[in-house]
Amino acid sequence: MIAGAADYRTPAGTKPAHRTEQGAGTILPGGRLLSPFGKEYTTGPGPFGLAISPDGNRIVTSDGGMDRTSLSFLERVSGAWRMRNVTVSPKEISETGDDEWKSTFMGLAFDGASALYASEGESGQVYELEPASGKRLGRYDLNVDGFADSYSGDLALDSERGVLYVVDQANFRVVVLDVRHRRVLASVRVGRLPFAITLSPDRRRVYVTNVGMFAYQPIPGAHQKDARATGLAFPPFGFPSKEAQDGVTRENASGERVAVPGLGDPNVPESNSLCIVDVSDPRHPRVIKFLRTGLPFGTQSLGGSSPAGVLATDEHVFVSNSVNDSISVIDPVALVVTKTIELRIPGLEQYRGILPIGMAYHAGRKELLVAEGGI
């Protein structure tokens, strides 16, 4: 007898995405229904980053919609919650200088009630804002000391020492800012495509996830001003392959033969890893170890593990391996993975797509809360 295939349907069936107010049954694009507890408040389009002020009375999201970017503030005033939106429209920015706000990205960090730090993304800048008014108090540029094309991402603030740690995704590093004297203190290379960062409870370490596998190199002789002629007309190799790992000679669009650099080993220590950095002296950050989490690239994981989220407590460090649908539990003393928690849907265990990313920890109940972006 041949068993029939299981019939899996989304809760909304074939109904299109639709938003309703106050938890009345919003239909998400994936066909799932969202009816949250509590009240809903509308942010700007595409909210990505989120931070909560230390007193719990102010919440901010960084919104990166296609047509406009913004910061959305949800504030408790006289016991009631109020939403306001600070819009950043790149199309309306004048050409008066570099001090114009251009965009927003995931990095947000409150410094008490007096300051909010927000990453701008592709400009390589971080802004300091007054939370109550949205007024800009200062600006930090990561494109100094010989670095260019920085991309400011996630943030971790050590308010006691006045130090802000900024992920520079484009240059594969973490930048250390002295926010009391408004200057760049140092930077340290942390691996391939760093994404999330968190500070240890004792503030002596930062943990950084690396979602990438490769450090791509430019095509020899290619330049932006004449990309059509100096670049390649077709991908130089497939992946995985020996050519992809070692490199190959190909003709560019003008017929000239160029040596295309290989991608190398996808499982080097810096790829798909957690980078542990000693910041006991923030002026001299030092990488202690690269710890690979999740499954290595291979037959069981063709996309690597892509560790996207990180959270640190006194007893554990948790890393969400987004492509593997798993959580790595790490001993912060021995710096080894002690346990892997697999996230699976009953009946669909062989498939992936839960996509764990953000996490929070409830110390009283010793519960790890995981945001599952795929479902």
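Let's start at Arg-161, which is partly exposed at a relative accessible area of 25%. Keep in mind that this is a predicted model. The side chain of Arg-161 meets that of Asp-158 in a salt bridge, with N and O 2.7 Å apart.

Arg-203 is partly exposed, with a relative accessible area of 23%.

Now look at Asp-178, which pairs with Arg-183 in a salt bridge whose closest N and O atoms are 3.2 Å apart. Here Asp-178 is buried at 8%, and Arg-183 is partly exposed at 45%. Elsewhere, salt bridges with shared partners link Arg-58, Glu-75, Arg-82 and Arg-84 into one network.

Next, follow the chain to an open sheet of four strands, ordered 21-22-23-24 and paired antiparallel. Strand 21 (307–312) and strand 24 (336–342) are the edges; each has a single partner strand, so one side of each has no neighbour in the sheet. On average, neighbouring strands here are turned by 20 degrees against each other, ignoring direction. Inside the sheet, strand 22 (residues 317–321) and strand 23 (residues 326–331) run antiparallel and are joined by five bridges. To see one end of that pairing by residue, find Asn-321: its bridge partner in strand 23 is Ser-326.

Methods: Residues are numbered from 1 along each chain as its sequence is written. This is a predicted model: local features need pLDDT of at least 70, side-chain atom pairs count only at pLDDT 80 or more; totals for chains, interfaces and linings use all residues. Side-chain values use heavy atoms; hydrogens and water are left out. Two strands pair if DSSP finds at least two bridges between them. Helices (H or I, at least four residues) and strands (E, at least two) are DSSP runs, numbered from the N terminus. Axes are lines fitted to C-alpha atoms, for helices over the stretch in contact, and angles run from 0 to 180 degrees between N-to-C directions. A salt bridge is a side-chain nitrogen of Lys or Arg within 4 Å of a carboxyl oxygen of Asp or Glu. Buried means under 20% relative accessible area, exposed over 50%, partly exposed in between (1.4 Å probe, protein chains only).
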